[in-house]
Amino acid sequence: MESGEPHMSLSARKFCIGCGFGVLLIALPFLVKDYPLHLINISGIWIILALSVGLLQGYVGEISMGHAAFYGIGAYASVLLTMKGGLSFWFSLPLSALVTTFFGFLIGLVSLRLRGPYFAICTLGFGEIIRLLFVNWREMSGGPDGVTGIPAPHPIYLPFGGTLAFGSKRANYYLIYGLVALTIGVMYRIIHSRTGKAFMALREDHTYAESIGINVMRYKRLAFTVSTFFAGIGGCLYAHYEHFISPYSFTTGQSFDLVIMVIVGGMGTLIGPVIGAILLTLVPELLHAIKDYRMVIYGMMLMLVIIYLPHGLVGVWQAMRNSFSKSSRV
Amino acid sequence: MLIQQLANGIVLGSTYGLMAIGLTILFGILNIINLAHGEIYMLGAFVAYFLVVLWGVNFFFALVVATLAMGLVGVVAERLVFRPLRDKDEINYFIVSVGLLTFLENLGLLFWGPEPRSMALPQASQTIRIGEVIITVQRLYTVLIAVGVIIGLHFFIKHSRMGKAMRAMEQDREAALTVGVEIDEVSSFTFFLGSALAGTAGALMGSLFIVNPVMGFGPLLKAFVIVIFGGLGSVLGAIVGGLILGMTEVLASSYISSAYQDAFAFLILILVLSFKPTGLFGKR
């Protein structure tokens, strides 16, 4: 606060770094080959899912161990809406997310009355029931073989001629990362609003939050509903990007992966789940040597992070920065 | 027919009960919800499998070895994974156990592959007739062993010094510590006991059905259902809950739908959690 000058240049530097980063993100599909781009797209979907779990886990303090079910509901709902209902992807995207939200609301009515491990186990139970429905309700879900031939997002015809087609990986990159940006934007707005403050009050102390007049159930329901909405978006994107879904993509194992992403990245931040999702989806693919040991390493990582780095990688970064700025001040 | 089904239900229920007792004493005494309990069960089954199939060891001896080995695995897990988190929020135990579950299950897949294996014990195909019920000899052994273990456990917890220390910890942690109960000792021992029970259950179920690295997750979830149904921390609840779940599954799969056999367990879970979260015999 002594002089504004160095502060300004710092923020200008930040701005430049931000712009450079933005340009890099936009140019990225032209810089990498097809297969890496595919992996980047997949990891974009996981970013949305991890953010969805992270909102609950990091800000409300409740761990959902059944989020893969909502991811699956989004995917199956969109498959039904587009393939049986004949809707365009662009209508099906919000609709399937709303269908997911509806199920999220219902499941939230029951599960949100519980807290901590009880809530986690209850969501796990719902996740398993929904997975069993995907496997056994053949008329609706295609059974264990899944559904093939899911159409890519339909092309958009621009008013003055020209079309935006979504057959290519490149086009899907912009679609997926556009929605990643939207997710981050919406969550940022929520977290930095009064609602977000209420969430965090719940996380710190339920009784205290209630005593200062926060309607605990209402805010928990709101958080769960928003979270399942984005899980639905992720599911819908996944179905239309991969053109194939089966119940094996939506198991409790995947729910655990999401929890691991959030914790390894860093709970209670927005960047944490993003880092966690990228780290856990991209790195094992890029380092082929560890691909087979991927899940073993995930499990190991989760244990080490919980024991030694409770704030995840973001916490490590912050600690490093703090110690750096302290030493530079001296 | 009905009596036959009930007998099958008791076989299932008694092994579920063993799993559930292990899970429930960990919670009751140490406040730890251990999701990796099912992986200990899986490892117990593999130890028994390797002893029986590769080394031709007698099944009962293999069962004892599997039980003790899993007790030791439990002690190591407590020391390395759970003890460092003792003074932190209890939800951390739960999360770290997800890590342990993922780690052990995938380590198993890496070493042994996903294909199902069978111990192919001769007594698993011999049948015996008791009144109207026809049951394989191995299933009869399973029930008898489970009942024997449960009775033994009861006397141990009632009368031994360690059993008393465990009960003291369960009733009032602070008071137990002030009268000189060693928390490290009780923690290690509780993990030994709980994991040993999972090892017994795994070896028994492995002898009846198949052995593979993903076999632990289903029984873990069922043990959870039982423990929550019976009341977290209640041993009696775990036994009663185990029998009820075993019967429900057998009856529901033969009279309603076998495809949704597992769904009934979760339905019970959700109903209990919604209407009576403390369970049948729970205190809190």
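Colleague: Which residues does Ile263(A) touch, not counting residues up to four places away in sequence?

Modeller: Leu302(A), Val305(A), Ile306(A) and Gly312(A), plus Ile95(B) from the other chain. They count as contacts because the C-beta atoms of each pair, placed from the backbone, lie within 7 Å. Keep in mind that this is a predicted model, where local features need pLDDT of at least 70, side-chain atom pairs count only at pLDDT 80 or more, and totals for chains, interfaces and linings use all residues. Residues are numbered from 1 along each chain as its sequence is written, while chains are lettered from A and ligands numbered from 1 in the order in which they are written.

Colleague: Which residues have the most contacts inside the largest nonpolar core?

Modeller: Ile263(A) again, along with Ala50(A), Val259(A), Leu302(A), Ala45(B), Ala48(B) and Val225(B). The core has 182 residues. Buried means 20 or more other C-beta atoms within 10 Å of a residue's own (exposed is 12 or fewer, partly exposed in between; C-beta atoms placed from the backbone).

Colleague: And where does the largest share of this core come from?

Modeller: Helix H1 (residues 2-30) of chain B, with 14 residues. Helices here are DSSP runs of H or I, at least four residues, and strands are runs of E, at least two, numbered from the N terminus.

Colleague: How many residues does each chain give to the contact between A and B?

Modeller: Chain B gives 29 residues and chain A gives 29 residues. On the side of chain B that touches chain A, the elements giving two or more residues are helix H4 (91-112), helix H9 (217-230) and helix H11 (261-275). H4(B) supplies the largest share, 13 residues.

Colleague: What makes the span of H5(B), residues 137-159, agree with a helix?

Modeller: Its 23 residues should span 33 Å, and its end C-alpha atoms are 33 Å apart. The expected span is 1.5 Å times one less than the number of residues. H2(B), residues 37-55, reaches 26 Å, close to the 27 Å expected, and 15 of its 19 residues are buried.

Colleague: How do you know that S1(B) and S2(B) pair?

Modeller: Strands pair if DSSP finds at least two bridges between them. S1 (residues 127-130) and S2 of chain B have four, in the antiparallel sense, so the pair passes the cut-off. One bridge joins Arg129(B) to Ile134(B). The two strands form a hairpin with two residues between them, and Gly131(B) in the turn has a positive phi of about 60 degrees.

Definitions and conventions:
Contact = placed C-beta atoms within 7 Å. Core = buried A, V, L, I, M, F, W, Y, C linked by C-beta atoms within 7 Å.
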